[in-house]
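The following note sets out numbered remarks on the structure, for use alongside the sequence and the coordinates. Each point takes up one region or feature.

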Amino acid sequence: MNNSYAAVIAPNTVRIERTLPGPIERVWAFLTESEKRRQWLAAGEMELKEGGAVEHVFRNSELTGHDGNPPPKYAAHAGESRMHGRITACEPPRLLAYEWGEGEDASHVRFELTPQGDAVHLVLVHSRLPDREEMLSVAGGWHTHLGILLDKLEGREPEGFWPTHARLEAEYEKLIP
């Protein structure tokens, strides 16, 4: 399950699932607390209420200690980049959804957490993606970021972000029509 690929579930939507070591409160903290989220995705504050502000401060080149340069396509994201959005649903510690960006072009991300014994089943759905190119980027990105999250939760050193993302995006190029 933890290496499963994202699935296209609608023309503009991908879904990816992972089983993570719990408890659920620990996984929730890695989704919502800036310092923990910085370790696998992006720092930034979240107002954990419907309509609350979301900020992501991405530093993808700093996520792993042994990373190379981003592919030319992502050169603009080699340093820090920021994204803002609004929370659309928040039910701690089971559901977090928010706009991925601002305005009419914002996509939408939704995390659902379900306890399974000592583990937590995570379902991530990213919707309102404008085109196939964005779908490939998002699928490869979430697959890479969630792999880093799993490694962090299990106390392992993750693979380099950019080489992993480039490999996965190429695999999604073949998988997503």
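1. Helix α3 has 22 residues and spans 31 Å from its first C-alpha to its last, close to the 32 Å expected at 1.5 Å a residue. The expected span of a helix is 1.5 Å times one less than its number of residues. Helices (H or I, at least four residues) and strands (E, at least two) are DSSP runs, numbered from the N terminus.

2. The basis of these remarks is a predicted model, in which local features need pLDDT of at least 70 and side-chain atom pairs count only at pLDDT 80 or more, while totals for chains, interfaces and linings use all residues. Residues are numbered from 1 along each chain as its sequence is written, and side-chain values use heavy atoms, with hydrogens and water left out.

3. Of the 22 residues of α3, 17 are buried, so the helix is largely enclosed by the rest of the structure. Buried means under 20% relative accessible area, exposed over 50%, and partly exposed in between (1.4 Å probe, protein chains only). At the start of α3, a side-chain oxygen of D131 comes to within 3.3 Å of the backbone nitrogen of E133. Just after the helix, G155 adopts a positive phi of about 75°.

4. The largest pocket has a volume of about 550 Å³. Of the 24 residues that line this pocket, F58, W100, E134, S137 and V138 are the closest to its centre. A pocket here is an open set of points on a 1 Å grid over the protein atoms alone, where a 1.4 Å probe fits, with protein on both sides within 12 Å along at least five of seven lines; lining residues have an atom within 4 Å of a point. Grid points are joined across faces, edges and corners, and the volume is the space filled by probe spheres set on the points.

5. Which helix gives the most to the lining of the largest pocket? It is α3, with six residues. β4 (81–91), α3 (132–153) and α4 (161–175) each supply at least two lining residues. By class, the lining comprises 11 nonpolar, nine polar and four charged residues. Ala, Val, Leu, Ile, Met, Phe, Trp, Tyr, Cys and Pro count as nonpolar, Asp, Glu, Lys and Arg as charged, and the others, Gly among them, as polar.

6. Nine aromatic pairs are found in a search of the whole structure. The ring centres of Y98 and W100 are 6.3 Å apart with planes at 25°, so this pair is stacked. Rings of Phe, Tyr and Trp (its six-membered ring) pair if their centres lie within 6.5 Å; planes under 30 degrees apart count as stacked, over 60 as edge-to-face and the rest as tilted. Both Y98 and W100 are buried.

7. F111 and W142 form an edge-to-face pair, at 5.7 Å centre to centre and 85° between the planes. This pair links distant parts of the chain, with F111 in strand β6 (residues 107–116) and W142 in helix α3, 31 residues apart. F111 is buried at 2% relative accessibility, and W142 is buried at 4%. Ring pairs join W40, F58, Y98, W100, F111 and W142 into a cluster.

8. Helix α1 (residues 24–32) is mostly covered, with seven of its nine residues buried. Among the buried residues of α1 are W28 and F30.

How values were computed
A polar contact is a pair of N or O atoms within 3.5 Å; within protein, one must be able to donate a hydrogen and the other to accept it, and residues adjacent in sequence count only if both atoms are side-chain atoms.
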